[in-house]
Protein chains: 2
Amino acid sequence: MRLVYYLLMEESLEDFLERAQRDFLAHISLDCVVFGFHAGQLKILLLKMKHEDKRALPGGFVRKDETLEEAASRTLRERTGLENIFLQQFSVFSDPLRSDPDARPQSLVLAGVSPEKTGFFAQRFISVGFYALVEFSQVVPRPDVLSDTCDWYNLEERGPLILDHDQILAAALAALQAQLNYQPLGYNLLPRKFTLPELQKLYEAILGKKLDRRNFQRKIFSYGILRSLDEKRTGVAHKAPYLYSFDLRKYQKALKLGLQGGW
Amino acid sequence: MRLVYYLLMEESLEDFLERAQRDFLAHISLDCVVFGFHAGQLKILLLKMKHEDKRALPGGFVRKDETLEEAASRTLRERTGLENIFLQQFSVFSDPLRSDPDARPQSLVLAGVSPEKTGFFAQRFISVGFYALVEFSQVVPRPDVLSDTCDWYNLEERGPLILDHDQILAAALAALQAQLNYQPLGYNLLPRKFTLPELQKLYEAILGKKLDRRNFQRKIFSYGILRSLDEKRTGVAHKAPYLYSFDLRKYQKALKLGLQGGW
DNA sequence: CCAAAAGTGTTGTTTTTACACCCATGA
DNA sequence: TCATGGGTGTAAAAACAACACTTTTGG
């Protein structure tokens with residue numbers, strides 16, 4: 001209401017500028033929902049905070065000379081050891097009450113930081129949510145300075161998360177589902193060589209429902225995005241499935257229009 | 001690189017906290033792409049800046065006690081006179097070079113502000129993009145304090161926009177297209193009573209292509225989201241078309257699963 | 001009365017769904 | 001050898017795309 005007044009009354013433009021620094025101050029953070037796929041299950045990478053029972057999404061802050069994407073990439077390089085991680089913004093979380101201004105400072109104090117230095121974390125943060133897709137087996141999880149552990153969790157076994165991270169995770173999952181036909185999810189979550197049943201299980205995990213095997217194969221083939229490898233997965237029980245890899249050029253081209261049809 | 005060092009070397013946690021306030025400072029703004037629909041055309045609301053030739057998207061800042069959505073809503077209340085505007089975040093724009101730190105302060109100086117007070121606008125802003133849908137005829141455009149005029153423009157006749165606003169607009173259009181089957185675009189862009197040809201023209205404007213009249217009608221009816229009004233649009237040339245309105249309850253329900261099928 | 005927009009069905013084609021048997025492998 | 005998962009095709013149903021004539025109205 002005050003601002004409306006400033007903007008409508010021309011005389012207050014200078015006042016507005018003076019107050020802006022105080023009235024409009026919010027810090028920006030980012031939180032990443034890192035998805036991996038292993039043994040037919042979607043996994044997410046979570047940190048176990050020091051002196052806290054709850055787990056947290058890997059997150060970070062943006063430096064002056066970085067884009068958000070660069071900051072997220074840097075953060076995830078630290079958490080996973082990987083370069084060039086596939087990243088996608090999906091939402092911004094800006095509830096003024098989303099973070100408890102005492103929680104993080106308290107756990108910092110428990111971690112041995114003097115209380116007067118914890119001010120940074122006591123401020124309001126507006127957080128940009130990213131989801132990231134990584135090849136599970138390539139990741140070497142590394143906790144950050146506020147965490148004890150960094151590990152993969154199944155979605156159902158993740159336990160409670162700090163702050164609004166449950167909400168962020170739910171939004172990431174919804175974004176993942178919505179973008180299945182518009183982003184190369186398979187390319188980024190699976191190893192270079194994979195079998196059709198593996199790809200199908202990935203689709204099933206993302207969509208949360210079973211798909212018909214024959215219809216799935218027909219449809220995937222119809223996109224022309226798979227390169228058949230004349231090679232089979234060996235060492236597994238039962239009939240050896242064929243291996244495939246993505247034809248990235250065709251995959252990208254097909255995604256531009258969106259893979260047609262529903263699942 | 002410096003940050004990597006801080007986070008990997010435990011001893012620097014306190015240093016990290018001290019520097020964070022300086023290293024991680026970015027201001028948050030928001031920019032709104034306000035869509036309206038009139039005479040078969042998509043329109044956007046743009047401000048003509050004082051002392052600048054280019055036009056700008058309506059934008060604003062977030063107060064301490066607001067969510068981004070509340071801030072956008074407040075901003076658009078000022079620009080349009082409307083309450084409860086339909087708003088949707090679609091992307092965050094964080095290129096460190098996206099804004100010229102001199103441009104806005106210079107035009108403020110031209111507007112009579114003393115140079116030392118323009119510091120707020122010289123800082124780095126990370127901007128959250130929203131698209132808004134309004135009923136064209138309800139809007140009473142009002143310029144803000146930095147602008148001469150606030151008016152509707154056709155997409156093709158908008159002229160050049162400041163900063164990265166062309167990019168923001170392009171992203172908003174892409175989001176609009178992508179969400180056609182998931183958001184009540186028709187409900188928010190059309191008046192309460194409308195004709196099928198009007199609804200079809202809206203779809204055509206958003207998609208940028210012509211649709212077959214009979215197939216369109218069959219498909220729209222099949223969703224069961226329209227209420228037929230036993231009333232015709234009078235006073236227009238040619239055969240009078242029937243009026244319809246949305247059955248909001250059914251529309252919302254249908255959108256949860258997404259309106260099926262492609263356009 | 002005529003120009004222009006609106007209403008209305010059918011048909012061929014494509015896409016989707018549902019469904020069952022044989023094969024290869026490791027245990 | 002057998003239990004388990006992988007490979008493969010067909011038919012019926014649904015969705016989609018293409019297409020033309022008649023009606024109504026204002027000018």
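Predicted model: local features only at pLDDT ≥ 70, side-chain atom pairs only at ≥ 80, totals over all residues.

Zoom out a bit and you get an open sheet of three strands in chain B, in the order β8-β10-β9, with antiparallel pairing. The edges are β8 (194–195) and β9 (226–232) of chain B, each of them pairing on one side only.

Staying in chain B, let's move over to strand β6, residues 125–133. How many of the nine residues in this strand are buried? Nine of nine, so the strand is mostly covered, taking buried as under 20% relative accessible area. And that goes for both faces: B:F125, B:S127, B:G129, B:Y131 and B:L133 point one way, B:I126, B:V128, B:F130 and B:A132 point the other way, and all are buried.

What about the neighbours of β6(B)? Strand β1 of chain B, residues 27–38, is joined to β6(B) by nine bridges, and those two run parallel.

Okay, charges next. As a reminder, side chains of opposite charge can pair when their charged atoms come close. Over all chains, the search of the whole structure turns up 28 salt bridges, and I'll show you a handful.

Please look at B:D164 and B:R98. Their side chains meet in a salt bridge, 2.7 Å from N to O. This one links distant parts of the chain: B:D164 is in the loop between β7 (147–154) and α6 (165–178), B:R98 is in the loop between β5 (86–93) and α4 (103–110), and they're 66 residues apart. Buried or exposed, these two? Both B:D164 and B:R98 are buried.

Also in chain B, B:E78 forms a salt bridge with B:R79, with the closest N and O atoms 3.7 Å apart. B:E78 counts as buried because its relative accessibility is 5%, and B:R79 counts as buried because its value is 2%.

Over in chain A, A:D247 and A:K250 form a salt bridge too, with 3.8 Å between the closest N and O atoms. Here the two partners fall into separate classes. A:D247 has a relative accessible area of 14%, so that residue is buried. A:K250 comes out at 47%, so that one is partly exposed. Chain A also has a network of salt bridges, linking A:E66, A:R74, A:E78 and A:R79.

Last stop, the surface. Which residues gather in a patch of negative charge? They're A:D65, A:E69, A:E70 and B:D95, so you've got residues from chain A and chain B in that patch. One of them, A:E70, is placed in helix α3 of chain A, residues 68–80. A:E70 is partly exposed, because its relative accessible area is 42%.

That's my tour, happy to go back to any view.

Note on methods. Residues numbered from 1 in each chain as written. Chains lettered and ligands numbered in written order. Heavy atoms only, no water. Patch = residues over 30% accessible without salt bridge, like charges linked within 9 Å, V, L, I, M, F, W, Y side chains within 5 Å. Areas by Shrake-Rupley, 256 points an atom, 1.4 Å probe, with all protein chains shown as cover. Salt bridge = Lys/Arg side-chain N within 4 Å of Asp/Glu carboxyl O. Lys, Arg positive; Asp, Glu negative; His and termini not counted. Charge placed at Lys NZ, Arg CZ, Asp CG, Glu CD. Helix = DSSP H or I, 4+ residues; strand = E, 2+ residues; numbered from the N terminus. Buried < 20%, exposed > 50% of the residue type's maximum accessible area, 1.4 Å probe, protein only. Pairing = 2+ DSSP bridges.
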